[in-house]
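Please keep the picture open while you read, and look up each residue as it comes up.

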Amino acid sequence: DKILFEKEKDLQSPLASITKLMTALVFLDNNPGWDTVITVEKSDIIDGGQIFLSPGDKVMVKDLFSFSLITSSNEATNALARSTGFTQDQFVKKMNQKAKAMGLERTYFIEPTGLEPANISTAFETALMAKEAFKRQEIQDAVRTKTYVVKPINSKKQIIGKSTDKL
């Protein structure tokens with residue numbers, strides 16, 4: 001909780017995949033159950049990044065959560081947000097409400113994956129968001145995992161994902 005160095009701490013910049021931390025927080029507030037089965041839909045697949053899951057794959061919510069945070073899978077993130085029962089617009093509204101409740105006044109989201117550069121925050125507020133996210137054991141456990149295997153329940157395939165976190 002001590003600033004060692006700062007430069008342009010209030011400059012708003014795109015969040016990219018750090019957006020997934022807020023997605024995870026909002027999901028955890030609305031988790032339908034770790035063993036809930038979700039079918040990946042065509043609308044979950046978006047350009048950008050590696051695609052792991054295919055439309056029609058039936059996977060458990062815990063797998064979507066893990067793949068979202070470990071591999072930065074955008075389709076897992078979209079399906080995870082959808083698993084809450086909210087539309088994408090409703091989910092994003094929850095993300096922005098949570099940001100405001102956390103005191104993040106210069107942070108704004110328009111989608112849950114981070115692909116859209118209009119998801120913005122400041123360095124200072126990103127640090128506050130990360131601090132809040134890492135209070136959650138579920139998030140800590142996921143981001144510490146190096147490799148994760150998803151086995152869709154409607155096929156025999158195994159999808160192996162590796163962490164994108166170089167640290």
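The numbered points below go from the whole chain to single residues.

1. Before you start. This is a predicted model, in which local features need pLDDT of at least 70 and side-chain atom pairs count only at pLDDT 80 or more, while totals for chains, interfaces and linings use all residues. Residues are numbered from 1 along each chain as its sequence is written, and side-chain values use heavy atoms, with hydrogens and water left out.

2. The elements. The chain has six helices and six strands. Here helices (H or I, at least four residues) and strands (E, at least two) are DSSP runs, numbered from the N terminus. Starting at the N terminus, their order is β-α-β-β-α-α-α-β-α-α-β-β. The radius of gyration is 16 Å, close to the 15 Å that the globule rule gives for 167 residues, so the chain is as compact as a globular protein of that length. That radius is taken over C-alpha atoms, and the rule is 2.2 Å times the number of residues to the power 0.38. The C-alpha trace spans about 50 × 35 × 30 Å along its principal axes.

3. Of the 167 residues, 41% count as buried. Buried means under 20% relative accessible area, exposed over 50%, and partly exposed in between (1.4 Å probe, protein chains only). The chain exposes about 9200 Å², and carbon and sulfur atoms supply 53% of this area. Accessible areas come from the Shrake-Rupley method with a 1.4 Å probe, and for residues only the protein chains shown count as cover.

4. Contacts along the chain. Take the contacts between residues at least 6 apart in sequence: 64% of them join residues at least 24 apart. Contact means heavy atoms within 4.5 Å.

5. The core. Which residues of the largest nonpolar core touch the most other members? They are Met 22, Leu 53, Leu 64, Phe 65, Phe 109 and Ile 139, out of 37 residues in that core. A nonpolar core is a set of buried Ala, Val, Leu, Ile, Met, Phe, Trp, Tyr and Cys residues joined through side-chain atoms within 4.5 Å. Elements giving two or more residues to this core include α1 (19-29), α5 (123-133), α6 (137-143) and β5 (147-150). The most comes from α1, with seven residues. As background, nonpolar side chains tend to be buried together in soluble globular proteins.

6. Leu 64 and its partners. Not counting residues up to four places away in sequence, Leu 64 touches Ile 38, Leu 53, Val 59, Ala 76, Ala 79 and Leu 80.

7. Val 61. Is Val 61 buried or exposed? Val 61 has 0% relative accessibility, so this residue counts as buried. Val 61 is in helix α2 (residues 61-70). Beyond its neighbours within four places in sequence, its contacts include Phe 27, Pro 32, Trp 34, Ile 38, Leu 80 and Ser 83. By contrast, 17 Å separates the C-alpha atoms of Val 61 and Ser 43, which are 18 residues apart along the chain.

8. Trp 34. This residue is in the loop between α1 and β2. With 30% relative accessibility, Trp 34 counts as partly exposed. The C-alpha atoms of Trp 34 and Met 60 are 6.7 Å apart, although the two are 26 residues apart along the chain. Leaving aside neighbours within four places in sequence, Trp 34 is in contact with residues including Phe 27, Met 60, Val 61, Phe 65 and Glu 138.

9. A covered helix. How many of the ten residues of α3 are buried? Nine of them are, which leaves α3 mostly covered. Among them are Asn 74, Glu 75, Thr 77 and Leu 80. The buried residues of α3 pack against α1, β2 (37-39), α2 and α4. Just after α3, Gly 85 takes a positive phi of about 95°.

10. Glu 8 lies in the segment before β1 (13-14) and is exposed at 55% relative accessibility. Ala 16 sits in the loop between β1 and α1 and is partly exposed, at 41%.

11. An exposed lysine. Lys 93 lies in helix α4 and is exposed, with a relative accessible area of 53%.
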